[in-house]
Amino acid sequence: MAAISFFGDLLQTISERGRDLIGIGRGDLGSRASAGDLVKLCEDLISRRGEASGVALARLILDRYASFGLAERHAFLRAIALDFDADHAAVDEAIAAYRAAPSRARLGSLHEAAEPRSQELIRRLNLARGGTLSLVRMREDLFDLRRALRAGDEADPALMDAVDSLDCDFEHLFASWFNRGFLVLRHIDWTTPAHILEKIIRYEAVHAISGWDDLRARIEPPDRRCFAFFHPALADEPLIFVEVALTGEIASAIAPILSQERKPLQPHAATTAVFYSISNCQKGLAGVTFGNFLIKQVVEDLTREVPTLKTFVTLSPVPGFAAWLARERRADSPQGLLPEDVETLRALDDPNWPADKARAETVRRALIPAAAAYFLRAKNERGRPLDPVARFHLGNGARLDRINFLGDTSKKGLAQSHGLMVNYLYDLAAIERNHETYANLGTVVAAPAVTRELRAKLPPPRAVVLAEA
């Protein structure tokens, strides 16, 4: 971290000296600057050749952008998307030159001509101290703009295309900057600095952490672990983290894991590592994959630390199940339910159904087969499972191992999945084979206990059952 601090201080020195070169002080723009003024500075930034002045100007642009309200930020991003495109005339010339005499050099010229100017702008803004985090936050604003444009009554196809292209520029560059080789895995425990622990509480996206006592119960006991990926440019900002319970068996419910009254297990007695929460922390890095690297690295570290561990599983939520089931129950020709299941599942309309043991058992007999249909048959427009958590773990080579009835009876769990949770098994000897089967064929690798639950009399699956919600 000392090297990171030195580099940051060096950039700050360059920026301070560069501000003299561009003749603009920190307060010169003040509240007078508009989104249009900032766009002009961006034009200036990508036309400059001096490093010192470029660093200073990049910091000035990012500082002023951060002071904007949301409407001004959206105006700035719209202008960048529309005005910082590639030079289409240069692209045409490069295409003509390549067709006239194909060569590697002319193909390189075509590639250079086809790159939008917005990519070079993003690169230069990243030179500023703290630029990477500022750009991650900027992409979050871009997501807001995209949602607003799609929700608008009068869609502008050209603007939508430009904004989507700008987002692709961010994702393309972030994929390089946040390459696995730059990521650092850190063990999060009670000695971790408080400002990082506070972010773990804030960023937890699966099972909310109620406060410091709750956090301590998740990371301090000897049978609990937490690991996070960090990037040198975002030294105090976790990118993604995973919470792990060391147990003697595969867990089927979340409440015993989160209970502060439980008796901790000594690590040497544990045979199973349960990954019960994986949270992405930076919304602006959506589309940049960290999770598969995180799980593999944590498995390696845990295996070295606790040799008795033989089984690695998740205890995962099923965030899309309730919405899918509601559509199935309303459908004239459901794909995952038999008529008698539709009738049985009317019991779900009573919010107190889990408290009635007899009714809950009746629901279970219809709900588990419906869940099997959801995982094994319901696909998005790309032919992949509807459930985003399933896509993540299956894509990493895990196997759908168990469907757990009433595994999460919290308000959130009942709302998103009627209490269902699932275990994805990471069998180290089968991960690569499972990944290839899923990647090449789209096959959901599932345990026999899951496939047996699928109703035999369901109609033939459609090519695309449902577009992704």
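Modeller: A residue is called buried when its relative accessible area is under 20%, exposed when that area is over 50%, and partly exposed in between, using a 1.4 Å probe and the protein chains only. This is a predicted model, in which local features need pLDDT of at least 70 and side-chain atom pairs count only at pLDDT 80 or more, while totals for chains, interfaces and linings use all residues. Residues are numbered from 1 along each chain as its sequence is written, and side-chain values use heavy atoms, with hydrogens and water left out.

Colleague: Why does Leu159 count as buried?

Modeller: Its relative accessibility is 9%, and because the limit is under 20%, Leu159 counts as buried. Leu159 belongs to helix α9, residues 157-177, where a helix is a DSSP run of H or I with at least four residues, a strand is a run of E with at least two, and both are numbered from the N terminus. If residues up to four places away in sequence are not counted, Leu159 touches Arg78, Leu82 and Leu149, a contact being heavy atoms within 4.5 Å. Leu82 is 77 residues away from Leu159 in sequence, yet their C-alpha atoms are 6.9 Å apart in space.

Colleague: What makes Leu142 count as buried, and which residues does Leu142 touch?

Modeller: Leu142, which sits in helix α8, has a relative accessibility of 0% and therefore counts as buried. Beyond the residues up to four places away in sequence, Leu142 touches Leu77, Val163, Leu166, Asp167 and Phe170. By contrast, Lys296 is 154 residues from Leu142 along the chain, and the C-alpha atoms of the two are separated by 31 Å.

Colleague: Why does Ile61 count as buried?

Modeller: Ile61, in helix α3 (residues 51-67), counts as buried because its relative accessibility is 0%. Its contacts, leaving aside neighbours within four places in sequence, are with Leu38, Leu41, Cys42, Leu45 and Leu125. Between Ile61 and Pro116 the sequence separation is 55 residues and the C-alpha to C-alpha distance is 19 Å.

Colleague: Where is His231 placed, and why is His231 called buried?

Modeller: His231 is placed in the loop between β2 (224-230) and β3 (240-247). Its relative accessible area is 8%, so His231 is called buried although it sits in a loop.

Colleague: What makes Asn396 buried, and with which residues is Asn396 in contact?

Modeller: Asn396 lies in the loop between α17 and β6, and its relative accessible area of 9% is the reason why Asn396 is called buried. Apart from neighbours within four places in sequence, Asn396 is in contact with Gly291, Asn292, Ile295, Tyr426 and Ile431.

Colleague: What is the phi of His418, and why does His418 count as buried?

Modeller: His418 is not a glycine, yet its phi is positive, at about 55°. Most residues other than glycine have a negative phi. His418 is found in the loop between α18 and β7 (421-425), and because its relative accessibility is 13%, it counts as buried. Leu406, also not a glycine, has a positive phi of about 50° and is located in the loop between β6 (399-404) and α18.

Colleague: What volume does the largest pocket have, and which residues are the closest to its centre?

Modeller: The volume is about 1600 Å³, and 44 residues line this pocket, with Asn280, Gly287, Pro388, Val389 and Phe392 the closest to its centre. A pocket is an open set of points, on a 1 Å grid over the protein atoms alone, where a 1.4 Å probe fits, with protein on both sides within 12 Å along at least five of seven lines, and lining residues have an atom within 4 Å of a point. Grid points are joined across faces, edges and corners, and the volume is the space filled by probe spheres set on them. Elements that each supply at least two lining residues include α8 (131-151), β4 (272-280), α13 (291-305) and α17 (388-395).

Colleague: How many helices and strands are there in the protein chain, and what share of its residues is buried?

Modeller: The protein chain has 20 helices and seven strands, and buried residues make up 48% of its 469 residues. Among contacts with a separation of 6 or more, 74% are between residues 24 or more positions apart.
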